[in-house]
Amino acid sequence: MKEVSAHIDDCLAAVDELPPIDVSLMDAMGCVLARDAVSEVDLPPADLAARDGYAVLTDDVAGASRDTPVHLPVTDDITAGQDHTTALTPRTAIRLSSGAPVPRGTEAVVSIDDTDLGRAEVAITARVSPGQNIRRRAEDLETGLAAVAEGKRIGPRQIALLAAAGLGSVTVHPAPRVVIMSIGDELIEPGRTGTPASVYDANAYGLAAAAADAGAVVFRLPAVPDEKSQLREAITDQLVRADLIVTTGGLSYGGGDTLKEVLADIGNVRFDRVAIAPGRQYGWGTLPISKDPEEASEHPDVPIFCLPGNPAAAFTGFELFVRPALRKMCGYRHVLRRRLRARAVRGWECRYDLPEAVPVRLVGNPSDGYRFEPAGEPGRELLFGLARANALAIAPAGGTVAVGDWLECVVLD
């Protein structure tokens, strides 16, 4: 029986980071930077007014108050984006809009809230300190410095910073193209009418959503029959567009399940019994795009992970084994889910002779500690419990979990 940690290592070893590519800013959304994104400008590019107001010398308004306003002539009016060569002279003011370049010699900007909004002459009713209401050149970011560092995920805030830094494109690890394939003659699409023996294909939808949540571009196939030639054709057809293939089902020892036999003829795939319930049996390996040596040398083999058909087992296997590998392909340095130790608030008898990943509701905080309770009935592989859970507690094999016992929990949300 293979340990969970060993299977995680093998799944990670089966994949590589995707080669970096240059993409436009909007296409970088959700990707991980492969190189530092270096600013091409100072941010801001000059000393700018932080708000609408008047450029002044601080000594000129030192005695200003609402009872004793200081009156200064207004010598110019500068708006944002306007080139200017104006210099501020003593005992005068220059009207500025927010974002306008500050005139030479300016010590502070008086907010319009502390004035009478005068245009030829302004009455100032508050004093200011040096630098007040001025955004200094490069105080946010200097030319040549990394706006966003290698290894960081690009989100909306990073897109805004990169655009402000003058970057129209960046170098990223692209989102992996993941094909999700459910296998089984009994499977039908949700929304359709089947027979009493039909099963709605929950796995393809759930795993496709999980892969997308992990950062992939997902291709979800309609359920594939167990028949060997159809299954083989379905798998080989996906090799040209997939960076990773994930199958679910087809692993039982019954005569109708043909996945192992089909994959044995296509590539190098190994199936292991892994010490975790639900699930136990998982496949991992690679498939060549072409049998021609010359063509094969130009295209890397496509990794494939095979998950059980039981929906609870498929989801558990994805979280423990597939998601870390997928995150590695995306370029992440930290690929495993966060794990916390928490205490049980309700006990139960463990039904498996293997460690069990139990869906639980985890609550708490670092100061007071964490606690959990099962989201469903432990030992029953139910989707309802998974849907309510925000973590998986790793329960011991064949024992008892008592109130107050500490278990390691894999945080899902």
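Aromatic pairs, then. A search of the whole structure turns up two of them. Rings of Phe, Tyr and Trp (its six-membered ring) pair when their centres lie within 6.5 Å; planes under 30 degrees apart are stacked, over 60 edge-to-face, and the rest tilted.

A word on the source. This is a predicted model, where local features need pLDDT of at least 70, side-chain atom pairs count only at pLDDT 80 or more, and totals for chains, interfaces and linings use all residues. Residues are numbered from 1 along each chain as its sequence is written, and side-chain values use heavy atoms, with hydrogens and water left out.

The arrangement is edge-to-face, 5.0 Å centre to centre, with 70 degrees between the planes. Tyr282 is in strand E19 (residues 281-287) and Phe321 in helix H7 (residues 311-330), so the pair links parts of the chain 39 residues apart. Helices (H or I, at least four residues) and strands (E, at least two) are DSSP runs, numbered from the N terminus. Tyr282 is buried, at 1% relative accessibility. Phe321 is buried too, with a relative accessible area of 1%. Buried means under 20% relative accessible area, exposed over 50%, partly exposed in between (1.4 Å probe, protein chains only).

Now Trp348 and Phe372. Their ring centres are 6.3 Å apart and their planes at 70 degrees, so this pair is edge-to-face. Trp348 belongs to strand E22 (residues 348-349), Phe372 to strand E24 (residues 369-374), 24 residues apart. Trp348 counts as buried at 7%, and Phe372 at 1%.

Last, charges over rings (NZ of Lys or CZ of Arg within 6 Å of the ring centre and within 35 degrees of the ring normal). Arg241 has its charged end over Phe219, 4.2 Å from the ring centre. Arg327 lies over the face of Tyr332, at 3.7 Å.
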